[in-house]
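Student: I would like to learn how to read salt bridges in a model. Please take me through a case.

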Amino acid sequence: VHAAAERLRIAMIDPTPEALGQLVADELSYGHSGGRVDTKASFIGDLMNGKSDFVTIVITDQSIQVVDGVAVVRHTLTADTNDSGKPGKVQIKVLGVWQKRGSDWKLLARQAVRPA
């Protein structure tokens with residue numbers, strides 16, 4: 001799970017449809033801290049067209065709990081962004097739900113919140 005989460009971090013900085021498609025489930029529910037929810041198609045599309053553009057991503061305070069083929073991953077994400085060409089910074093808390101599918105882990109759901 002840790003390796004899959006790291007591959008996703010890298011793929012979000014330097015996205016390709018192939019890399020992202022291998023890491024996220026077709027049923028992906030990707031919740032943003034502002035309340036918007038993406039599907040697999042919109043998540044990958046936003047990264048590919050620059051609407052969502054991560055210049056750097058640093059993951060800290062990560063914990064992983066695996067129960068019966070499902071992993072709950074929590075961490076703090078700190079990033080420099082360039083969404084739609086506008087530089088910014090973000091720090092959010094993230095809950096990711098990963099599911100074991102064959103020999104691969106796929107991100108099934110993700111929810112971000114702004115720290116209190």
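Student: Which residue forms a salt bridge with K89?

Tutor: Side chains of opposite charge can pair when their charged atoms come close. A salt bridge here is a side-chain nitrogen of Lys or Arg within 4 Å of a carboxyl oxygen of Asp or Glu. K89 pairs with D80, and their closest N and O atoms are 2.6 Å apart.

Student: What should I know about the source?

Tutor: This is a predicted model: local features need pLDDT of at least 70, side-chain atom pairs count only at pLDDT 80 or more, and totals for chains, interfaces and linings use all residues. Residues are numbered from 1 along each chain as its sequence is written, and side-chain values use heavy atoms, leaving out hydrogens and water.

Student: How many salt bridges does the rule give?

Tutor: Six. Among them is R36 with D38, at 3.4 Å from N to O. D46 also bridges to R36, at 3.5 Å from N to O. D46 lies in helix 3 (residues 40-49), R36 in the loop between strand 1 (24-31) and strand 2 (37-38), 10 residues apart. Helices (H or I, at least four residues) and strands (E, at least two) are DSSP runs, numbered from the N terminus.

Student: How accessible are R36, D38 and D46?

Tutor: R36 is partly exposed at 39%. D38 is buried at 5%, and D46 is buried at 10%.

Notes
Buried < 20%, exposed > 50% of the residue type's maximum accessible area, 1.4 Å probe, protein only.
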